[in-house]
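The following note sets out several points on the model shown below.

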Amino acid sequence: MSARIVVTGTDTDVGKTVFAAGLTGLLRASYWKPVQAGLGGETDSETVRRLGDVSPGRILPETWRLNTPASPHHAAAIDGVVIVPEDLTVPNVDGPLIIEGAGGVLVPLTRTTTFADVFARWKLAVVLCARTRLGAINHTLLSLEALRARSVPVLGVAFIGDAEPETESIIRELGGTKILGRLPVLDPLSPATLRQAFNTAFQPCDFLTAQSSD
Ligand SMILES: Nc1ncnc2c1ncn2[C@@H]1O[C@H](COP(=O)(O)OP(=O)(O)O)[C@@H](O)[C@H]1O
Ligand SMILES: [Mg+2]
């Protein structure tokens, strides 16, 4: 079975989708966003398709598409939709699969279930995306604790932003985690600049060892 990798983050807007686009391109993977909350602009699936230069067939359909850019538990209630977290089963695809959660690890899907609970049930390895800017140490260590409290396997931390070696080293030490690499701020952010930066910043073998638990 090929690698199945969950991309999560310390927060919304940290760069999970850009990272997932780069990783999907690097591994020639498929991409799945189980719950998309907010359909106003470009969806995460559309961004990954564009930025990762991913063929449409490798973008799997979202299970729930919710109109409001809010926590899924709330966005679903506004739409009158009932999310059943147990129904979220990892799709069967050939080759690697990148799965992007919504927001951070403790974002609720329902009033009783968070994304971290779903990751724990899947038993898939998680990449935690974190910014390098001020506040990153606390958010990253808290997220690692929340994942570990549920026995979610953590592949490592992927940083996004300017170089902050001290931030990276203290997170590695206190978090007891691997640092997978750092994606710099790209200007312009395009399929070409992302591919080039990703090839330099990350090693495919760090991700391809993440096997499905079955
Ligand atoms: N490495 C990067 N270089 C430049 N802009 C970035 C980078 N990573 C993220 N961004 C920008 O930051 C914003 C949030 O990124 P996004 O990947 O959508 O975050 P998330 O999926 O965590 O909510 C977007 O406007 C995106 O284009
Ligand atoms: Mg996203």
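**Notes on the predicted model**

1. F19 and F202 are both buried, a term that denotes under 20% relative accessible area, with exposed meaning over 50% and partly exposed in between (1.4 Å probe, protein chains only). The two rings form an edge-to-face aromatic pair, 5.3 Å centre to centre with 80° between the planes. Rings of Phe, Tyr and Trp (its six-membered ring) pair if their centres lie within 6.5 Å; planes under 30 degrees apart count as stacked, over 60 as edge-to-face and the rest as tilted. F19 lies in helix α1 and F202 in the loop between α7 (191-201) and α8 (204-208), 183 residues apart. Ring pairs join F19, F198, F202 and F207 in a cluster.

2. This is a predicted model, in which local features need pLDDT of at least 70 and side-chain atom pairs count only at pLDDT 80 or more, while totals for chains, interfaces and linings use all residues. Side-chain values use heavy atoms, without hydrogens and water; residues are numbered from 1 along each chain as its sequence is written, and chains are lettered from A and ligands numbered from 1 in the order in which they are written.

3. A second aromatic pair, W32 with W122, is tilted, at 5.8 Å centre to centre and 40° between the planes. Since W32 belongs to strand β2 and W122 to helix α4, the pair ties together parts 90 residues apart in sequence. W32 is buried at a relative accessible area of 2%, and W122 is buried at 8%.

4. Seven strands form an open sheet with parallel pairing, ordered β4-β2-β6-β1-β7-β8-β9. Helices (H or I, at least four residues) and strands (E, at least two) are DSSP runs, numbered from the N terminus; two strands pair if DSSP finds at least two bridges between them. The edge strands, β4 (59-60) and β9 (179-183), each pair on one side only. Two bridges join β2 (residues 30-32) to β4, and W32 has L60 as its bridge partner in β4.

5. Which residues are the protein donors of the magnesium ion (ligand 2)? They are T17 (OG1), D44 (OD) and E100 (OE), 2.1 to 2.3 Å from the ion. Donors are N, O and S atoms within 2.8 Å of the metal (3.2 Å for Na, K and Ca); water is not among the atoms, so sites may look incomplete. T17 lies in helix α1 (residues 16-26) and E100 in strand β6 (residues 97-100), so this pair ties together parts 83 residues apart in sequence. T17 is buried at 11% relative accessibility, as is E100 at 1%.
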